[in-house]
Amino acid sequence: MSKVFLEQAGKTVLLMGNEAIARGAVEAGISFASAYPGTPSTEIVETLARYANVLGIHVEWSTNEKVAFEAAYGAAMSGVRALTCMKHVGLNVAADPLMSSAYTGVRGGFVIVTADDVGMWSSQNEQDNRWYGLHAFIPVFEPYSPAEAKDLTKEIFNFSEKFEHPVILRTTTRISHARGPILLGELRKPVEGEFLKDVKRWVLVPAHARKLRPKLLERWSKIEEAVNDFPFNKIENPGSKKVIVACGITYGHVVDVLKEIDKLDEITVLKISSTVPVPRKLVVEAVKDAEEVLVVEELEPIVEEKIKAIVQEEGITVKVHGKDLVPREGELTLNRVAESLIKFLNVSKQSIPWLETNQEISIEVPPRPPTLCPGCPHRATFFALKKAVSKLKIKPVYLGDIGCYTLGLNPPYRVQDTCIEMGGSIGAANGLAITTKQPMIAIIGDSTFFHAGIPPLINAVYNNTPFLTIILDNRTTAMTGHQPHPGTGITASGKTAKIIRPEEIAKSIGVEYIDVVNPFKLDETAEKIAKALKFIEEKGKPAVVVSLRKCALLVASDARRKNIKIPVYRVDLEKCTACTRCYNVFACPAIQVLEDNKAYIDPTLCVGCGDCAQVCPVKAIEPTIKPGKEWKELWW
Amino acid sequence: MKENRYKNVLAVGVGGQGLITFGRVLAEAAILNGVKVLTAEVHGMAQRGGSVVTHIRIGDVESPLIPLKGAHVIVSMELLEAARYINYANKKTLLILNRRLIRPNVPGVKMPKMSDIIEKIKSSGLKTVVLDGDKLAEEAGSYVSANMVMLGALLGSKILDGFVKLEDVEKVISRMPEPWREINIKALKLGYSSYSKAATSDSD
Ligand SMILES: Cc1ncc(C[n+]2csc(CCOP(=O)(O)OP(=O)(O)O)c2C)c(N)n1
Ligand code: SF4
Ligand code: SF4
């Protein structure tokens, strides 16, 4: 993360798109920011959290997106500027308060960041959250670059405050995780808010909501009017017969392709940064004398369909293209935009050197899927789990969830038969354990348990549904980059907090069988899991096993910080029989394979968890230095 | 003319090999030189030991993504990844490769030999320079600095002359805390000076 975040106004610094959004929010004078982590949104609040104390802003990791949303919404009710951030699917979790927020509006500027993962780099789907704007009557703004992301964020706080209405900033992976030069502006100080009682506005009972609904529609038409003058929308080179409409990020791709074919000064480009609602007057102005229009937008034809409606309503005869020429699935790249523009503008492929197809170079390479790190406690749990299951000779269904442990879906473990959404493991087990005779094992991470795992576990106790829940407690939210959560004892801004233990929650809601295990004791853990499974079979009740050891990346970085030497393991090649068990059955990625199939532990990758030594049948693996007490304590 | 408006640098490797830092340092150096730059990088799931790529576009550009066949240079921290992303190369692309092979964590995976991959890449006719990045990094003080060795080699190739200056890269690195500042600068310089040696011994 950049240390340049707090540099003074007037300087140009390199920031990641998410850092730029954070800076824009600080320049807008936010007093409050909340989020639940999720790629590609995480670094916005992570950056703010780092500087929260210096800036005097409250910044928090909330338990889930709904809570994050409500907290920021509450702050904005009190008249301060507030920011909440989430990945696209997070807005599904927060959809309930989202819908209400448009009815009540807000007093302080309220910006909801949805970071859409177009291309599904790190997500279960690629939903287009601009629909939420249309659905909820909340305007959606989309930057095209990191630099614009900063300025746009700042500007839409004003927009939100002017209309006393929430606004959505939609960013995508290629803006959030792009870096570019950012010209910094002045910082604005946070302020204190005050809640002004007004039951007719804040109490959404039917009688009030019925009166708020026409007011909402009235606000919406004012917003529809205002986006025509929104400074980030613009028409370049008006008057050409073919017009390109570039929405959000696609503007950069369009400009680069037009430059490549020497048509940047020739073709009319309507750049739209407020994609919901579409700026009607600008559209009319840009297309009224055109013959053909191409709408370039990622995912769904939201702007395209609106423009088709507008030209029909206005009686303009123009052919509107969109998803007939631009792919609907996946992210738009320069290649894909170039292909679309070439067809639309009728120019030859040869005008773009990198579109020539006659120089394919390709070499076949084995795939490299992401994998659990060396020393990951999840791998140890999975190994023990498989051992328990094979000892009991049962064939359970593994209900998976979202986190690093989802990677357990791959061979050799294959312990994720489902992965739906956060909390869906325990949730779906509530049905599957009733409608089948198969043993059900829900596998969920600690952060995910706090986020969405508690209500379905209460449900299982209440309805007496027999399945095993394994909570993988690695003391962090690892997948998204190690954010603290309610179980870690620390807040986003580094303050000490109460540690909330998953097994205590399980106990308090009435789970009768609870065990806490150390997964690195492979045999013992296998026995304990087997015992829990037997309890479920005999008693027909739910059970919980908490597998407690820290994420290996945290341990490695703690070791570096505290100057504790990692007891890296090594293979005695005299003893190794090339049985392949450590690298094919246990599958630690630090273990490389020599030409004679014997194992070799890469000392730059090993973090000294010691599991491979337990797995090796001929005791060929041993630590290079004796692991001390200090070292063992790091894993708690 | 068009050719000289910008340079596309594609950096590839395995999650954890320091590609994000590679891109960040290079981009900050471009800004110190008053040149526009955009990068695009991979966070999240792929960082768990998966295949990762950072796009760095320096000069007059608006999109952060390098098109397929559009890289001026590909810097690779690992050989399988060099082969995987070779579809970003065209006839003129320069390849700067680290001599390192990391086995994908897939049970029973068939691994090609190091020499075979290098041979195959070279037979594509592209200008290819291979360095011992990890060894040089260790010489500089830590294997972790292999990314800075490769960055040094990139600058040593002179392909970014007029866009990024070596001294600006050093300035960016010197903002890092010790011991990394010293180790990384050493690694950078070792990479820089090793490039021409590697280039002459490798040329065919
Ligand atoms: C609704 C929603 N919010 C956020 C995410 C992003 N996300 C994926 S996994 C994860 C957390 C995983 O943490 P944990 O359950 O502790 O497992 P770990 O990665 O530490 O193994 C998050 C926040 C998501 N997929 N869905
Ligand atoms: S980051 Fe931590 S939890 Fe995730 S795979 Fe690596 S060691 Fe396991
Ligand atoms: S001790 Fe063995 S299993 Fe653990 S990280 Fe090192 S090589 Fe992997």
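1. Let's start with the side chain of B:Asn98, which makes a polar contact with the side chain of B:Asp134 at 2.7 Å. A polar atom of that B:Asn98 side chain also lies 2.8 Å from the backbone nitrogen of B:Gly133. Please keep in mind as you look that this is a predicted model.

2. Where does B:Asn98 sit in chain B? Its place is in strand 5, which covers residues 94-98. Is B:Asn98 buried or exposed? B:Asn98 counts as buried, because its relative accessibility is 0%, and the cut-off for buried is under 20%.

3. Now look at what touches B:Asn98. Leaving aside neighbours within four places in sequence, its contacts include B:Leu131, B:Asp132, B:Gly133 and B:Asp134. B:Ser76, B:Met77, B:Glu78, B:Leu79 and B:Met150 are also in contact with B:Asn98.

4. Over in chain A you can find an open sheet of five strands, in the order 9-11-10-13-14 and with mixed pairing. Which strands are at the edges? They are strand 9 (234-236) and strand 14 (319-321) of chain A, each pairing on one side only. From one strand to the next, the twist averages 20°.

5. In chain A, strand 10 (residues 242-247) and strand 13 (residues 292-296) run parallel, and five bridges join them. To see one such pair, find A:Ile244, whose bridge partner in strand 13 is A:Leu294.

6. Next come two helices of chain A. Helix 12 (residues 280-287) packs on the sheet and touches strands 9, 10, 11 and 13 of chain A. The direction of helix 12 makes about 170° with that of strand 11 (268-272). Helix 13 (residues 302-314) lies across strands 10, 11, 13 and 14 of chain A, and runs at about 175° to strand 14.

7. Which chains does ligand 2 lie between? Ligand 2 lies between chains A and B. Among the residues surrounding ligand 2 are A:Cys373, A:Cys376, A:His378, A:Cys404, A:His482 and A:Cys551, together with B:Arg48 from chain B. The shell around ligand 2 divides into eight nonpolar residues, three polar and one charged.

8. How many residues surround ligand 3? There are 14, and the closest are A:Cys588, A:Cys606, A:Cys609, A:Gly610 and A:Cys612. The shell around ligand 3 has 11 nonpolar residues, three polar and no charged.

Technical notes. Residues numbered from 1 in each chain as written. Chains lettered and ligands numbered in written order. Predicted model: local features only at pLDDT ≥ 70, side-chain atom pairs only at ≥ 80, totals over all residues. Heavy atoms only, no water. Pairing = 2+ DSSP bridges. Helix = DSSP H or I, 4+ residues; strand = E, 2+ residues; numbered from the N terminus. Axes fitted to C-alpha atoms, helices over the stretch in contact; angles between N-to-C directions. Contact = heavy atoms within 4.5 Å. Buried < 20%, exposed > 50% of the residue type's maximum accessible area, 1.4 Å probe, protein only. Polar contact = N/O pair within 3.5 Å; in protein donor to acceptor, adjacent residues only side chain to side chain. Near = heavy atom within 4 Å. Nonpolar A, V, L, I, M, F, W, Y, C, P; charged D, E, K, R; others polar.
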